2 protein chains.
Amino acid sequence: MRYRRSDVIGRTIDLLEEVGLEGLSMRRLAGDLGVRPSALYHHVASKQELLGAVADEVLARGRRSTEVLGWRDELRLTCLELRDTMLRHRDGAALIALARAEGVGGEDPLQRMASVLAFNGADPELARVGASTLFHFVFGHVADRQARGLSSTEVPDESADFATGLGIVLRGLESRLAQHA
Amino acid sequence: MRYRRSDVIGRTIDLLEEVGLEGLSMRRLAGDLGVRPSALYHHVASKQELLGAVADEVLARGRRSTEVLGWRDELRLTCLELRDTMLRHRDGAALIALARAEGVGGEDPLQRMASVLAFNGADPELARVGASTLFHFVFGHVADRQARGLSSTEVPDESADFATGLGIVLRGLESRLAQHA
DNA sequence: ACCTGAACACCGTTCAAGT
DNA sequence: ACCTGAACACCGTTCAAGT
């Protein structure tokens, strides 16, 4: 069998579901593809670079079409989308953290949220920090959840807690936007 | 040389500073202590358990005396303390995430923040979720920062961004507390 | 272009045996 | 109680060589 880079990335996403980030090794991945470990280095520079590309792909798959709503709903939707994307994959939050170490992941939702804030009366500084604050809340929430119990099954109270927490941050942003208006 | 468990934990904290979480291996730690790798298993059950104990120790060292302030300043101080604790050690946020997977870390600041909220008119639900929201923001902020650039040197703008983000979350909480008052 | 074979310098962990 | 010695089943990565 002969593979392309996208095959390797795709198979890594599937393997991640089976064995998690900790169990994911280049040798295991190679075995899965029916290939020697060294062959992988024809497609990716290193394991780190591969995981960066995997995170990018995961983020791209989670991307939904932009809808035009009030700033509040638009930010809420972006955060829910980001949470869903991370939750959809085993160790999804840790994966995206790894990608950010690589300088490659998560810029897109951050940019979108900053734009929404800027279009709604936030000065550039508040837009940037507000978007970061939302991102950090979402990331922290999912990372903590996945670090602990079952990663895949949905705990219902958990979604309610997320919605409440998100509401708190949005309420704080509303107050700051009002000051600048 | 003969060691006790606390020696192993202490040396691990120092080694973490030198080589980071990625470079920290049981074999490297054993070599550092001048002992065979297998000797470590007399003191700890596994690497995972060791890292949990290390995170606990780090959290305990970062603990400051409780001051009696308004709820806002008390929460702010707890979050700043938590951030400082995580920032003080290389890969501190990731370390604490690992400990939480072990079910062992971070319960203390979470409890304190929930208590402060409960004493100030939050119902038990809001106290719990409010404390989690603050914790997730702090954790997400530091984890993201450490995953990227230089972990030890303080970037000044970074602290300002943290303070602003924290202010946004606290403002949202104030609004929720007012509703319940 | 994509792969194999073989090697290098590592891992965490177990377990019998020593003192 | 704390340690050594030896082993097991792994890692990521490189590099010459094959097709």
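These legends go with close-up views of a predicted model.

**View 1**
Let's start with how the two chains relate.

Side chains of opposite charge can pair when their charged atoms come close. In this view, Arg100(A) pairs up with Asp144(B) in a salt bridge, and their closest N and O atoms sit 2.5 Å apart. Arg100(A) belongs to helix H5 of chain A (residues 92–101), while Asp144(B) belongs to helix H7 of chain B (residues 124–147), so this pair joins two chains. Are these two residues buried or exposed? Both Arg100(A) and Asp144(B) are buried.

**View 2. Glu49(B) and Arg5(B), a salt bridge within chain B.**
Now we stay inside one chain. Glu49(B) makes a salt bridge with Arg5(B), with 2.3 Å between the closest N and O atoms. Look for Glu49(B) in helix H3 (residues 47–62) and for Arg5(B) in helix H1 (residues 5–23), both in chain B; the pair therefore ties together parts that are 44 residues apart in sequence. How accessible are the two partners? Glu49(B) is partly exposed, at 25% relative accessible area. Arg5(B) counts as partly exposed as well, with a value of 32%.

**View 3. Arg128(B) and Glu125(B), a salt bridge along one helix.**
This time, both partners sit in helix H7 of chain B. The side chains of Arg128(B) and Glu125(B) meet in a salt bridge, 3.0 Å from N to O. Because they are three residues apart in the helix, about one helical turn separates Arg128(B) from Glu125(B). Arg128(B) is partly exposed, with 38% relative accessible area, and Glu125(B) is partly exposed at 44%.

**View 4. A salt-bridge network in chain A.**
Which residues are joined into one network by salt bridges that share partners? They are Arg11(A), Asp14(A), Glu18(A), Arg28(A) and Asp32(A). Zooming back out, the count over all chains comes to 42 salt bridges.

How values were computed
Residues numbered from 1 in each chain as written. Chains lettered and ligands numbered in written order. Predicted model: local features only at pLDDT ≥ 70, side-chain atom pairs only at ≥ 80, totals over all residues. Heavy atoms only, no water. Salt bridge = Lys/Arg side-chain N within 4 Å of Asp/Glu carboxyl O. Helix = DSSP H or I, 4+ residues; strand = E, 2+ residues; numbered from the N terminus. Buried < 20%, exposed > 50% of the residue type's maximum accessible area, 1.4 Å probe, protein only.
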